[in-house]
Amino acid sequence: MSPSASSTAGPAPRFAVVGVPGNRRVALFQDAVRAAGLPAARVVSWLDVLRGEAAFRPGQTVRMDSPGEDTEVERLLRAVGDPTRVEGTALWYARFTEAVRAVARAAAASGAVLLDDPGDVAVLFDKRLCHAVLDDAGVRVPASPTSGAAAPVVRGWADVRERMTAHGMPRAFVKLAHGSSASGVLAVETAGPGRVRATTSVERDTAGRLFNSLRVRRCTTEREVAAIVDALAPDGLHIERWLPKATQCGRAADLRVVVVAGRATHAVVRTSHSPMTNLHLGGTRGDLDEVRAAVEAAGGSWSEALALCERAAACFPDTLCVGVDLLPATGWRRFAVGEVNAFGDLLPRLTGLPDSGAEGQDTYAAQVAAVLNRARNHRATATP
């Protein structure tokens, strides 16, 4: 059970959340705040931030959440009228990171405390930068020819094909540098000149415009793959080696592991018949107990897998919570980190891992508890 405000000495934190009013993320966080015996969090909309109207109150603890699922916010960030369009992520990144910095300035001006560091957010939303940070810290990640700010820009399919060949990658994931939720992702396979296919959720209309679809489909010609990649390239692309994944019940499997205040607290298994395991693309939750058993039976270590996620999160020490995509290699003995997500905590009804300190808590309750614990520890060290 999370500690209540009445069980702590001194004033409890007062939360503000920057998000989309009425969104399920904000609602779940509000539930966690109230369950801890605290006043409801004050909601500051991303629209207010983008209009330069965001303000906070002295002493507030400010949590930023996803700006997604708001059509007007999407329009202002990406300058597209249809939120299902894929294009515009480079503009989205520039405008969103500036909005995050505006939140930080408003918080500093009022004496509020941020739970998300603007510098961390900027790295987390650029897959090329994030990959380099993890790699430099010794966190195992898929090999990439686009890692880091100094990597050559990918201008289109010809560059993708050349880099895959030069780096011995017959199979690779091609991702939007600033994409999320598998938007614009292609799982590309090559087998000699002209033999190319890709799995993706991107659909291209007759005018060449790209749209996100909930249907994963197969592109079977190089011409079709090249057309999509060439259309994506102006927004920035990241290429990673496609690591063969372990399977559960005949389906490719990976894990989303939530790390709160440096500790892996929640994990969900995602399985799919396609290379993309995202639940909104037809992926399904797998059996975590079976994963732990498979890891130990293979001579691996589940605790070391969680420790790898914690090492990845430690690369972003000024951000309270991240979601780590953990990739199990075939055989379940080895793991790599695919991505680290700033807003990767939307796992409704999932309670904490055994011995995590978050048993019985969802991801939002674990974050509230971590802030309360931090406040108690601060008061204890400040008391003469």
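Let's start at a bridge: threonine 61 has valine 113 in β4 as its bridge partner. Strand β3, residues 60–64, and β4 pair in the parallel sense over 2 bridges; two strands count as paired if DSSP finds at least two bridges between them. Strands (E, at least two residues) and helices (H or I, at least four) are DSSP runs, numbered from the N terminus.

A word on the model, friends. It is predicted, so local features need pLDDT of at least 70 and side-chain atom pairs count only at pLDDT 80 or more, while totals for chains, interfaces and linings use all residues. Residues are numbered from 1 along each chain as its sequence is written, and side-chain values use heavy atoms, with hydrogens and water left out.

Back to the sheet. Its 4 strands make an open, parallel arrangement in the order β2-β1-β3-β4. Because β2 (42–45) and β4 (113–114) are at the edges with a single partner strand each, one side of each has no neighbour in the sheet.

Now, which residues of helix α3 are buried? For α3, residues 71–78, they are Val73, Glu74, Leu77 and Arg78, where buried means under 20% relative accessible area (1.4 Å probe, protein chains only). They share the same side of α3, because they cover an arc of only 105° around the axis, taken from the directions from the helix axis to the C-beta atoms. These buried residues pack against α2 (46–50) and α4 (89–110), with contact meaning heavy atoms within 4.5 Å.

And the ends of α3? Just after the helix, alanine 79 takes a positive phi of about 60°.

Methods: Buried < 20%, exposed > 50% of the residue type's maximum accessible area, 1.4 Å probe, protein only.
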